[in-house]
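Subject: Structure handover

Hello,

Here is the structure for your files. My notes on it follow below.

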Amino acid sequence: MDIEDNGGGAPDWRREAISWRNRFILLLDHLPLPLALCDPHGEIRVANPAMAAECGLLPGQLRGRNALDFFVPSTKARLHPIAEAVRRHRRSRYPVEVTWCPPSGVERHGEMDVTPVSDAPDLPPSLLLMLRVAGERAEPRPEPTSPASETEARILALAAGGGTTARIAKAVGLTADGVNYHLAQLSRRWGVRGRTALVARAYTLGVLDPGAWPPVAAQSR
C-alpha cells in the first residue's frame, strides 16, 4: 500500500489511520460474533449489528450508551481487574460471565471477553468487547415469583415516588438511557405501556411494598 507524503518528508499517518478505521468498521459489520468498542469507562463507541441485535436495537442506537446498561456481570468483582488494567495500560483478555435480556424477554447468558486495546501507549486504552452466547432460559422468567430484578425493582420504586429519569439514573448508578432501557424491557415483559401502568403492575405483582412510603421494593423490607 502506498503512503502519501505530506510535503515535509513524513508519511500521512492520519489518512492511513482513517483508512484502517473504515476497514475495521466494515469488518465489524460482517462478523457474526457480537462485538463492540468502548471507551475506558464502558461507553460504547461502535458496535456491530450482531451486538446490537442482542439488545434489540440498531448499531447506531448503542453509541454513547454504557455496556453495563445491557449486560449484567455475574459478580462486579470481575470488573476490578479490568479497571486496574486500564489504569496501568495493561494488555490482556478478561472474560466476564454476563446475563442480559433480549427483546424476546427470555434471559440469556454467556461470556464477555473484555480486551484493553490501544495504538498509543500514552493514551487510555479502549475496551474491545466480544460476546459469546452460551444459552438462554428454557422459559421466560416466572411471574409473580421473580417478575423483576433487584435493579428493576429499585427503578420502579424511585419512579413510583416521582423521581425523574436523571435522578433515578444517579441513584441506581446507570445512565438515563440505561434506566429507559430497563423500563422498556419491563413494559415489553409485562405487556403494559407508560410509567403509571408499570408502577400499578409492580404493586399487583408484589414487586413494590404497598404499605411503605416513600415507595420501596418489597424484597428490601
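The chain's secondary structure comes to eight helices and six strands, where helices (H or I, at least four residues) and strands (E, at least two) are DSSP runs numbered from the N terminus. In order from the N terminus, the elements are α-β-β-α-α-β-α-β-β-β-α-α-α-α. This is a predicted model, in which local features need pLDDT of at least 70 and side-chain atom pairs count only at pLDDT 80 or more, while totals for chains, interfaces and linings use all residues. Residues are numbered from 1 along each chain as its sequence is written, and side-chain values use heavy atoms, with hydrogens and water left out.

Of the 221 residues in the chain, 39% count as buried (under 20% relative accessible area, with a 1.4 Å probe and protein chains only). Among contacts (heavy atoms within 4.5 Å) with a separation of 6 or more, 46% are between residues 24 or more positions apart.

H5 and H6

The axes of helix H5 (residues 150–160) and helix H6 (residues 165–172) come within 10 Å and cross at roughly 140°. Axes here are lines fitted to C-alpha atoms over the stretch in contact, and angles run from 0 to 180 degrees between N-to-C directions. H5 is therefore oblique to H6; angles under 35 degrees count as roughly parallel, over 145 as roughly antiparallel, 65 to 115 as roughly perpendicular and the rest as oblique. Arg154, Ile155, Leu158 and Ala159 of H5 meet Ile168, Ala171 and Val172 of H6. By class, that contact has six nonpolar residues, no polar ones and one charged (Ala, Val, Leu, Ile, Met, Phe, Trp, Tyr, Cys and Pro are nonpolar, Asp, Glu, Lys and Arg charged, the others, Gly among them, polar).

The buried residues of H5 are Glu152, Ala153, Ile155, Leu156, Ala157 and Ala159. They pack against H6, helix H7 (176–190) and helix H8 (195–204). After H5 comes Gly162, with a positive phi near 90°.

H7 and beyond

The 15 residues of H7 should span 21 Å at 1.5 Å a residue, and the end C-alpha atoms are 21 Å apart, which agrees; the expected span is 1.5 Å times one less than the number of residues. The buried residues of H7 include Tyr181, His182, Arg189 and Trp190, and H5, H6 and H8 are among what covers the buried residues of H7. Just after H7, Gly191 has a positive phi of about 70°.

In the segment after H8 lies Pro214. The peptide bond from Trp213 to Pro214 is cis, with omega near 0°.

Regards

Key:
Buried < 20%, exposed > 50% of the residue type's maximum accessible area, 1.4 Å probe, protein only.
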